[in-house]
Amino acid sequence: MAGMFNTFLTNKPFVASRCYRHFLSSTRSRSHSFRPLLSSQRRHIFSFPSIRRVTETNTGKHNDTSEYGSKPMVQLIHALEQQLRPPPPFILATGFMRFIDKRLGQVTLTRYQVELLLRTFQHLLSVPSKDPQGSLREFLELENFEYTLEALARADFTPDAAELVNDLARIAMGQIRRIRERTPELTPEPGLEVFKSYITVLSSTGFSADALKLTIAYWKTTPDLSNGLSLWTDIMKGFAKEGRRLGAEQNTPSKVTMVLGKMKECGITLNTERQEQLISMLADSNYFHAIKTVAELPVEKSTATNVHLLKFALRHAMYSWAATIVGSFPPYPTPETRDALLLFSLLRGRSSDSICKQLDEMTSKNPEIRTTMSIDTINMIIEYANLHKQANIAQQAIQLAQTWNLTPNARTSVLQIHSLVYSGQIKEAAELFQSLSSDVEFDLSDVDFLNDFVKQLCLVENSSIDFDTVNTLVDILQGVGGRFDPMTLSTLCKSLLHRGDLEGVSTLLRPIIDTFDPLELQKIRLPFLDYIKDMDQTVDNAWEVYELLNLAIPTTPVSTRTMLMNIFFERQRPDLACLVFGHMRQKGDPNIRPTSYTYARCFQGIAKCADSDSLQLVHNMLKLDLQVAPTTKIRNSLMLAYAACGLADQAMRIFRDILHSEEGPSERTLVIFFRVCESYGNGREEATKMMEKLKSMDILINDDVYNAYVGALGGHCELELAVQAIKQMESQTGSAPTTLTLVNLYNSLPYQFWKDQAEEWAQVAYPELWETIGQSGRTTDEDGIQHLNIDRSVKA
């Protein structure tokens, strides 16, 4: 286990010989080839994979690209929040640029990730530096600001991150303009590609109106904007996105019409060619009102435009509109219209015989229909079928490929696996995946499928499938630059934990854990918590998993850590529970440090385990903790703990501290006081005096207090006084004695002789209650003393 924990402690990644091979290369292309699995190397005792440090690979150099620069930015946020010294600027600059280079455009950015980028960007701009060097100088150069803006334009992000993305883009553009203004050989305005990136970000983050104003001004002042048509489509998409977000999609047509009007004012002719270009740019979106408004321009539609519109309609299952579009296709078929028409027929449920007849009819009109046909047509149909989770259509397309003698390629096999996974045929998908040749490639378009495939393979019902398949999929997913879905990662961690592969979990989490926000980390933590809570797992295994969780996700909040602490108390391991408490105590983050509630729960746990060493340790921590004041609840718990550890004198001193405190005692304090009296040397007298005082002050005495008082008398073998008190209970409290009353008496008596006397009396005085008690049974301790199996523990 030492190697696994050193992974986190030394802040370096690992390399597993059998999986996760992506750590060995510093760069990786967007596509990733499937490769045969490497042979396994396992330790014979625990069957963990053989692990070696990256610094020990044959490259001879430390490789840390797997972090993608997020770790120093996380450290910066923590330092700013805790008012600590932040990481050096050159490290932050390197981390920022690495993240921009390696992650943007590859994954969907969360609000947490964008906040890391924004606060790091602002911090680096605020660092005073007259002559920056190295990575900081590179960060402050014009090219970096322009690249940052271009990367933001390519990136997808969650809706709640839009505002922060906009802020980052505006600051970056401000820096670009500032540098260009003070550089004589440059024009004040940025180049077209940089400006297009800025407009893309503004439009996609809810500021389409600003983007439109800037575009109009830019268009009128900048010559040669023949490649700038995407500026306008981005603005159209932006207005459509804002309308959907605000629940006002009915306003989208008027907004798009306004944009088209502005295009005319800027001298753009809206002819057939322009319509085709606009439709092709809008076709990859899901904004129906925007694309339909452009489609209704009073110009003749080209065939390419109609093909784009048909595929858009089919992608979104708008079959009535699709049928209308098909009716406008020219009677003479072309390879371009062939694919769209076959797709339409298949998605509308036509039989294979009917599809073959349709293809023959088209071929009779144009021989190129058949001669130019390739497996790409089939692949396109399978992609659409998978989009709609229609495995039957995907299978039908594969059968048509065989009928038409079209040879499947690597992409066909990948799409077949997609279809099998989506239809729940996981075993068949795994078998097909394992049969793939080494030239099969995956890319970013497969990320969602890879996540789903990994998650399905890790489920219990698929546990018989070779886990090396999962390892290879994980390697491919990270090799193409994909991001784990939090639930996929959670499911994978659960599977690894139950396989006993903790080092596999460590290797998996180490380079990526900083890329997840707090809400996502909640999902990733679940299998760790479930494993630790599972009492079928040994305490040693549970503790190893806890240590891994503590190192892998150090931001685990105090509420979760308190729950984990209580679990180790339940496992009768107060030493480990107090180590969990100590980990909280060492933290500087107030969200992780123990609260008064945590202290109280810890002392209650110690009381159940009667561990005096742990009691002294945590009590000393409390004395030195300047952020937590001793409350009555904490002192109540301390009384219980000291009494349980046989230190009743100390417990009584704490009771007197409560009496003299500003908060004063609570009802629970009285219950605990009487419990302490059971073992306190002068407990009978103290209990009697307290009860007389309560009666004289006309304080309402509830059942819990009175039952505890009976126990205090029993603890000193005052059976006659206890019996008398039980007889008077209803007149004193308004409630008749209960089973707990009799259990308090019996279990508090220290000698078996008195227990037997109490039992004889109870059988006669309260036969029904005693019969109920007898059903729970009893146990005998090593001294021959019997105890009723009914819990009478006291809560603070």
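Q: Which residues is Gln-113 in contact with, leaving aside its neighbours within four places in sequence?
A: This is a predicted model: local features need pLDDT of at least 70, side-chain atom pairs count only at pLDDT 80 or more, and totals for chains, interfaces and linings use all residues. Residues are numbered from 1 along each chain as its sequence is written, and side-chain values use heavy atoms, without hydrogens or water. Contact means heavy atoms within 4.5 Å. With neighbours within four places set aside, the partners of Gln-113 are Phe-99, Thr-108, Arg-483 and Thr-515.

Q: Is Gln-113 buried or exposed?
A: Gln-113 belongs to helix α4, residues 111–126. Helices (H or I, at least four residues) and strands (E, at least two) are DSSP runs, numbered from the N terminus. Under 20% relative accessible area is buried, over 50% is exposed, and in between is partly exposed (1.4 Å probe, protein chains only). Gln-113 has a relative accessibility of 1%, so this residue counts as buried.

Q: Which residue has its backbone nitrogen 3.0 Å from a polar atom of the side chain of Gln-113?
A: A polar contact is a pair of N or O atoms within 3.5 Å; within protein, one must be able to donate a hydrogen and the other to accept it, and residues adjacent in sequence count only if both atoms are side-chain atoms. Here the side chain of Gln-113 supplies one polar atom, and the backbone nitrogen 3.0 Å away is that of Thr-110.

Q: What separates the C-alpha atoms of Thr-108 and Thr-158?
A: Thr-108 lies in strand β4, residues 108–109, and is partly exposed because its relative accessibility is 40%. Its contacts, beyond four places in sequence, include Gln-113, Asp-156, Phe-157 and Thr-158. Thr-108 and Thr-158 are 50 residues apart along the chain, yet their C-alpha atoms are separated by 6.7 Å.

Q: Over the ring of which residue does the charged end of Lys-389 sit?
A: Lys-389 is in the loop between α19 (375–387) and α20 (391–403), and is exposed because its relative accessibility is 53%. Its phi is positive, near 55°, in a residue other than glycine. A charge sits over a ring if NZ of Lys or CZ of Arg is within 6 Å of the ring centre and within 35 degrees of the ring normal. At 4.5 Å from the ring centre, the charged end of Lys-389 sits over Tyr-422.

Q: What is the phi of Ala-610?
A: Ala-610 is in the loop between α31 (596–609) and α32 (612–624). It counts as partly exposed because its relative accessibility is 41%. Ala-610 is not a glycine, yet its phi is positive, at about 50°.

Q: Which residues do ring pairs link into a cluster?
A: Rings of Phe, Tyr and Trp (its six-membered ring) pair if their centres lie within 6.5 Å; planes under 30 degrees apart count as stacked, over 60 as edge-to-face and the rest as tilted. There are 24 aromatic pairs in the structure. A cluster linked by ring pairs consists of Phe-655, Phe-673, Phe-674, Tyr-706 and Tyr-709.

Q: Which residues lining the largest pocket are the closest to its centre?
A: On a 1 Å grid over the protein atoms alone, a pocket is an open set of points where a 1.4 Å probe fits, with protein on both sides within 12 Å along at least five of seven lines; lining residues have an atom within 4 Å of a point. Grid points are joined across faces, edges and corners, and a volume is the space filled by probe spheres set on the points. The largest pocket holds about 1,300 Å³ of space. Among its 39 lining residues, the closest to the centre are Val-74, Tyr-112, Leu-521, Pro-554 and Thr-555.
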